[in-house]
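Subject: Structure handover

Hello,

Here is the structure I promised you. Please open it and keep it beside you as you read my notes.

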Amino acid sequence: MRELPSDGKGGAHVAHFPAGTCPIMRKTVSDAQPPLFLPVGDNPVPLFGMDRAVHARRLAGNAKFPPADSGEAGRGALLGNLAFAWDPAWLKAIGKTPDTALLYRGQPVIVHLADGADASPELIATGSLPDGLTVLDAETAELNYAELRKRERPFVLPLEESNRDQVERAYYDAAYKGVTDVLTLYLWRRPAFYLTKWAAHARITPNLVTAVGAIFCALAFWFFWRGQYWPGVATGFVFMVLDTVDGKLARCTGASSKWGNIFDHGIDLVHPPFWWWAWMHGLAAYGEAPEPVYASMLMWAIVGGYILQRVIEGIFMRRYGMHIHVWRPIDSQFRLITARRNPNMVLLVGALLFARPDVGIELVAVWTIVSLIFHAVRLAQADAVAERGGTIRSWLDR
């Protein structure tokens, strides 16, 4: 055992690694034998309405690290200091790399010991770590994009009552994708945070939020079908906010599940074409019905373009192991406005403000074709780079 040497400022001498060189990707443990998670300490500050130890165990369980009291033997140990809050990305990364310790200003935060028999709460309490550990500084070490899925540094924060709101917001922000549409990223990010906190304190499950959202999704379809566009927009926007809340609630409380993921993403994938079909049908009741042939052409463009874009995304993912939206900065920027549900709703509402829902659906059709062309060109360009021997790598991982 060794004490961490002082740096003269109350901290410890730890390894500093520039972006992309963090050693936590160099050695890993088998997914079949992940370490057992042991929360250390007693922090009275709750997070999202849960006891801190319970919250930490749930996040660890969500990351596939069983609790230390599961009765399994011969496993490594993953110790988590409850005096701190940490991004789940750190837990996953350190949990995959044995004999590694993450420190914050000289204090152990997460420690992974390959030999679980050496695990002891005193390691955290005294700051005495075994020799031979790789020691990382939480303020300088970085994860690559493959682990983090965005460029922001994963957080580590001391957890006290005075900064509980800051810590909960950090967990919420960590649950956000690095690349998404403009409405999700900017418009309702703040209100969705407070809804997520309220749902957590009220013990509402993410699946219940998804189910309620599905009801509003169906109501929006019904209103659009009848040409009652403003009520449809209102219920549709409620669904769109809840569609953000359910995923963030699951990640912030460690309540993600395979069924919940299928339920949520299944609705996301399937419902948009039905909304646009209902919008088109409702034009007759609204008094702006297009000619049948023209209406069919618009729907083929919208639905066909939507499906083909999804196919292109799938091909890109299969060939290059990443989303097409994160290849180059222009792809991430275009993701903000590409012809998905939320940007399309902006077009529809904009046209509705001028009492022209028929123009709105025409704009959706045009924008869908433009987006399809953009993604088809990007896939072709990636293939050309690969054929010339180039590497297709996300700009977020540089």
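Start with helix α10 (residues 258-286) and helix α13 (residues 341-352), which pack at an angle of about 20° with axes 11 Å apart. Therefore α10 is roughly parallel to α13. Angles under 35 degrees count as roughly parallel, over 145 as roughly antiparallel, 65 to 115 as roughly perpendicular and the rest as oblique. Axes are lines fitted to C-alpha atoms, for helices over the stretch in contact, and angles run from 0 to 180 degrees between N-to-C directions. Helices (H or I, at least four residues) are DSSP runs, numbered from the N terminus.

This is a predicted model, where local features need pLDDT of at least 70 and side-chain atom pairs count only at pLDDT 80 or more, while totals for chains, interfaces and linings use all residues. Residues are numbered from 1 along each chain as its sequence is written, and side-chain values use heavy atoms, without hydrogens and water.

Back to the pair. On the α10 side, the contact (heavy atoms within 4.5 Å) includes Trp275, Trp276 and Trp279. Among their partners in α13 are Met345 and Leu348. This contact has 7 nonpolar, 2 polar and 2 charged residues. Ala, Val, Leu, Ile, Met, Phe, Trp, Tyr, Cys and Pro count as nonpolar, Asp, Glu, Lys and Arg as charged, and the others, Gly among them, as polar.

Helix α13 also packs against α9, at about 155° and with axes 12 Å apart. So α9 is roughly antiparallel to α13. This crossing, too, is left-handed. Trp230, Phe237 and Met240 are among the α9 residues in the contact, and Val349 is one of those from α13. The classes here are 9 nonpolar, 1 polar and 2 charged.

Next, α8 and α10. Their axes come within 8 Å and cross at roughly 10°. That makes α8 roughly parallel to α10. Their contact has 15 nonpolar, 6 polar and 1 charged residues.

Where is the largest cavity? Its lining includes Val209, Phe239 and Asp268. The elements giving two or more residues to that lining are α8 (206-225), α9 (229-253) and α10. By class, the lining has 5 nonpolar, 2 polar and 4 charged residues.

Best wishes

Key:
On a 1 Å grid over the protein atoms alone, a cavity is a set of points where a 1.4 Å probe fits but cannot get out, and a pocket is an open set with protein on both sides within 12 Å along at least five of seven lines; lining residues have an atom within 4 Å of a point. A crossing is left-handed if the near helix is turned anticlockwise from the far one by less than a right angle, and right-handed if clockwise.
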